[in-house]
Amino acid sequence: MENRIEKKKVLFIDRDGVIVKEDQVDTFEKVIFIPHVFEALREIRKRTDYLLVLVSNQDGVGTPAFPYEDYIGPAERIFDTLKGEGIVFDDINIDFSLPEDNSPMRKPNTGMIDGYRSEEYDMSKSFVIGDRLTDMMLARNMNARGFLLNTDDVVVPEDLEDTVVMHTNSWLDILSYLTGEESLAHRTARIDRKTKETEIDLFLDLDGTGEGKIESGIPFLDHMLEQIVRHSRIDFTGYVKGDIDVDFHHTTEDIAIVLGEAILSALGEKRGIERYGFETLMMDDVVVTCAIDFSSRPEFIFDVDFTLPYVGTFPTELIRHFFRSFSNSAKCNLYLSARCGGDSHHTAEALFKAFARSIRKAVRRIPGDTRIQSTKGKL
């Protein structure tokens with residue numbers, strides 16, 4: 001019986017807008033990598049048998065508008081950085097023509113990669129990853145399919161709908177699709193909560209970079225929520241309307257409830273996460289400790305005394321209530337302590353920072369591990 005040779009599969013990957021931010025990358029300062037590109041490409045390389053092939057238009061390199069010497073340094077920095085992360089392309093194809101040149105090498109024309117039209121390769125199981133519709137046109141022209149890595153406001157025309165298998169703004173979603181591991185996908189959640197006392201609409205991105213904020217109408221609470229965003233590296237934005245004309249209690253409590261519900265939702269089955277996070281943090285005259293376990297069993301311990309009943313106009317007793325409400329809604333064990341006698345503002349801020357950094361550690365995914373961190377097999 002004749003042995004059947006398995007055909008090779010290829011990922012044709014654009015550079016600007018896909019690996020690094022879209023720009024004419026002619027200085028080292030413009031080399032800004034797309035979030036999660038290292039993690040995704042490294043895992044794709046480890047977990048799949050796709051060849052990685054770069055296919056990029058670099059308009060007018062070698063012209064006065066884009067001198068070659070301005071191009072080559074940043075380009076080498078990009079490839080060297082990728083190599084340092086364990087990512088090496090099997091083939092690199094770069095076209096320097098301008099659109100008006102009508103070059104057969106320029107995407108969406110296939111001249112750069114026509115060599116892959118052979119019996120050695122299976123284009124029906126290959127993909128183009130790009131941020132432009134021309135990349136998706138290249139996929140169609142190669143009888144491959146495409147991942148459109150761009151914001152949702154880019155509309156896929158009807159004639160490309162069969163080509164585009166996914167329109168996403170996250171490399172993690174592409175990683176999840178190619179590996180078949182749902183637990184590797186980008187983790188987000190939206191919670192919309194309305195009561196007679198508050199209205200809150202929160203969008204949370206667990207795999208963010210520490211951007212966004214909530215405006216609650218309570219300045220000190222907003223300052224503390226900013227600490228959570230920055231130090232957890234979780235993105236969240238939201239709309240909050242609360243009865244702060246009565247007092248700050250309901251708004252503080254409900255924001256904590258919604259934040260906890262959003263994190264719990266985004267974690268899903270909690271596959272592959274560290275589960276536990278802890279931090280000891282010093283802020284001037286205060287040392288605080290936080291420990292958190294996303295165990296699905298709420299338990300709250302708060303060993304903190306404030307020297308003042310208020311920070312500005314914000315009651316310090318509501319800080320305890322915020323964390324207790326979060327523990328209940330996120331279904332986590334949460335422990336917080338602080339050395340007695342410190343400045344109340346410093347104590348509060350250090351608590352929120354330590355809390356955020358503990359969450360950051362607990363929700364971190366363990367590379368190469370999609371198990372649930374419990375001998376029970378469930379959290």
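Biologist: Why is Arg42 called partly exposed?

Modeller: Arg42 has a relative accessible area of 24%. Buried means under 20%, exposed over 50%, and partly exposed in between, with a 1.4 Å probe and protein chains only, so 24% puts Arg42 in the middle class. Some ground rules: this is a predicted model, where local features need pLDDT of at least 70 and side-chain atom pairs count only at pLDDT 80 or more, while totals for chains, interfaces and linings use all residues. Residues are numbered from 1 along each chain as its sequence is written, and side-chain values use heavy atoms, with hydrogens and water left out.

Biologist: What makes Glu85 and Arg42 a salt bridge?

Modeller: The closest N and O atoms of the two are 2.7 Å apart. A salt bridge asks for a side-chain nitrogen of Lys or Arg within 4 Å of a carboxyl oxygen of Asp or Glu, so the pair qualifies. Glu85 sits in the loop between helix 2 (68–84) and strand 3, and Arg42 in helix 1, so the bridge ties together parts 43 residues apart in sequence. Helices (H or I, at least four residues) and strands (E, at least two) are DSSP runs, numbered from the N terminus. Glu85 is partly exposed as well, at 31%.

Biologist: How many salt bridges does the structure hold?

Modeller: The count is 26. Another one joins the side chains of Asp14 and Lys107, at 2.9 Å from N to O. Asp14 is in the loop between strand 1 (10–13) and helix 1 (37–47), and Lys107 in the loop between strand 3 (91–95) and strand 4 (127–130), 93 residues apart. Asp135 joins these two residues in a salt-bridge network.

Biologist: How do you know that Asp14 and Lys107 are buried?

Modeller: Asp14 has a relative accessible area of 7%, and Lys107 has 7% too. Both values fall below the limit for buried, so the label holds for each. Lys107 has another feature: a cis peptide bond joins Lys107 to Pro108, with omega about 10 degrees. Pro108 is in the loop between strand 3 and strand 4.

Biologist: What separates Glu349 and Lys353 along helix 8 (residues 344–362)?

Modeller: They are four residues apart, which means about one helical turn. An α-helix has 3.6 residues a turn, so residues three or four places apart point the same way. The closest N and O atoms of Glu349 and Lys353 are 3.2 Å apart, and the two form a salt bridge. Glu349 is buried at 8%, and Lys353 counts as buried at 16%.

Biologist: How do you know that the length of helix 7 (residues 317–330) agrees with expectation?

Modeller: The expected span is 1.5 Å times one less than the number of residues. For the 14 residues of helix 7 that gives 20 Å, and the end C-alpha atoms are 20 Å apart, so the two agree. Buried residues in helix 7 include Leu318, Phe322 and Phe326. Lys331 follows helix 7 with a positive phi, near 55 degrees.

Biologist: What makes strand 7 (188–194) and strand 9 (214–215) edge strands?

Modeller: They belong to an open sheet of four strands, in the order 7-8-10-9 with mixed pairing. Each of the two has a single partner strand, so one side of each lacks a neighbour in the sheet. Two strands pair if DSSP finds at least two bridges between them, so strand 9 and strand 10 (residues 235–242), parallel over two bridges, qualify. Glu215 stands opposite Tyr239 in strand 10.
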